[in-house]
Amino acid sequence: MEGTGPSAPPRIGLVLGAGGVVGQAYHAGVLAALEEATGWDPRGSALVVGSSAGSITGTLLRLGVRASDLLAMATGGPLSHAGASTVEEIFPGGTRVRAPEPASWMRPWRPPSAALVARAVRRPWAIRPEVAVSTLLPRGTVDLSDQALPLERKVGASWPAGLWICAVRRTDGARIVFGRPGSPPASLARAVLASCAIPAYFAPVEIGGVEYFDGGVHSPTNADVARSSPLDGVVVVAPMSSRQPHPATADALVRWSTHRRLDHEVRRLVRAGIPVIRCEPGTESLEAMGLRPMAEDRSDRVAAAAHRETRRSPATRALAGLVAGGSTVAGAAGGDHAG
């Protein structure tokens with residue numbers, strides 16, 4: 001009988017948000033749990049959008065590192081042979097980054113650039129105050145260039161298909177999505193560096209004579225860039241967000257703001273006909289994360305907490321339905337909370 005053959009697998013996009021070293025650990029726990037529970041391999045995502053920490057996780061996936069190996073990296077467990085080989089090529093000897101000197105935070109700020117002023121005049125609604133302020137911060141003093149050399153040697157000028165990396169142009173605060181058709185050309189290594197260059201902390205990264213910094217400044221997730229792609233659903237992993245951050249914690253306002261920003265991006269995706277599955281830290285993950293996103297002493301606890309939360313979350317059930325060809329729940333949340 002005609003028309004009874006197997007249907008094509010769903011085209012699932014993956015958005016990996018910012019969050020520093022702690023955010024990478026959260027990515028690892030979430031992705032490993034989703035793969036174990038649903039059989040979905042995030043390496044095969046139709047599109048991967050990465051911002052800051054998410055650009056690193058997304059690059060590792062596109063280079064073939066399994067979610068289980070990402071979890072092993074975070075928890076200190078054994079990696080597969082292929083995973084260990086790739087990780088050692090990209091991060092020989094680890095990824096420790098020195099902190100800036102305290103005096104470096106006292107340097108003078110930059111005046112607004114002519115490009116920023118012109119953009120504000122042309123489209124004032126398109127520039128959020130926090131993004132504009134980030135372009136005025138003093139230049140960061142920690143140079144990440146050496147961190148990218150191993151990746152540069154491994155991939156050279158090649159760029160994995162379906163990998164978009166978000167950064168911000170320093171002159172005017174505009175979001176640039178490297179890897180997307182029509183965006184400025186860049187090597188993968190330089191794009192990842194740019195996406196991770198926290199303003200006033202890391203030195204901005206020059207690509208084609210233009211300086212860029214952390215894509216998480218524009219948005220900690222940048223999920224809405226996926227709305228133009230032909231996708232059956234999008235999984236968003238948002239380490240900096242939370243459904244219900246504890247009001248007494250110092251980062252509660254940041255997490256609430258990130259959550260609201262993600263709400264806006266999810267609405268844009270849903271209006272484009274793309275269901276969204278959200279994974280955001282719950283109570284257990286928030287306690288493990290603490291307040292320092294660049295802390296290198298808690299990745300194992302964060303990844304383990306994220307893994308446990310995600311296994312029991314509505315996000316996992318929603319993804320299982322999508323993978324099986326059933327319906328999804330737009331806006332389903334990970335952690336302790338359902339959308």
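**View 1. Ser-55 counts as buried, because its relative accessibility is 0%, where buried means under 20% relative accessible area, exposed over 50% and partly exposed in between (1.4 Å probe, protein chains only).** The model is predicted, so that local features need pLDDT of at least 70 and side-chain atom pairs count only at pLDDT 80 or more, while totals for chains, interfaces and linings use all residues. Residues are numbered from 1 along each chain as its sequence is written, and side-chain values use heavy atoms, with hydrogens and water left out. Ser-55 belongs to helix α2 (residues 53-62), helices (H or I, at least four residues) and strands (E, at least two) being DSSP runs numbered from the N terminus. Its side chain reaches the backbone oxygen of Ser-52 at 2.6 Å. With neighbours within four places in sequence left aside, Ser-55 is in contact with Gly-50, Ile-165, Val-192, Ser-195 and Cys-196, contact meaning heavy atoms within 4.5 Å.

**View 2. Ser-158 sits in the loop between α7 (145-155) and β3 (163-169).** Ser-158 counts as partly exposed, because its relative accessibility is 42%. The side chain of Ser-158 reaches the backbone oxygen of Val-155 at 2.5 Å. From C-alpha to C-alpha, Ser-158 and Leu-188 are 7.4 Å apart in space, although 30 residues apart in sequence.

**View 3. Helix α7 packs with helix α8 (residues 188-196) at an angle of about 150°, their axes lying 8 Å apart.** Axes are lines fitted to C-alpha atoms, for helices over the stretch in contact, and angles run from 0 to 180 degrees between N-to-C directions. The angle makes α7 roughly antiparallel to α8, since angles over 145 degrees count as roughly antiparallel, under 35 as roughly parallel, 65 to 115 as roughly perpendicular and the rest as oblique. On the α7 side the contact is made by Ser-145, Ala-148, Leu-151, Glu-152 and Val-155, and on the α8 side by Leu-188, Ala-189, Arg-190, Val-192 and Leu-193. By class, the contact of α7 with α8 has seven nonpolar, one polar and two charged residues (Ala, Val, Leu, Ile, Met, Phe, Trp, Tyr, Cys and Pro count as nonpolar, Asp, Glu, Lys and Arg as charged, and the others, Gly among them, as polar).

**View 4. The protein as a whole has twelve helices and eight strands.** Of its 339 residues, 54% count as buried. Among contacts in the protein with a separation of 6 or more, 74% are accounted for by residues 24 or more positions apart.

Conventions: A polar contact is a pair of N or O atoms within 3.5 Å; within protein, one must be able to donate a hydrogen and the other to accept it, and residues adjacent in sequence count only if both atoms are side-chain atoms.
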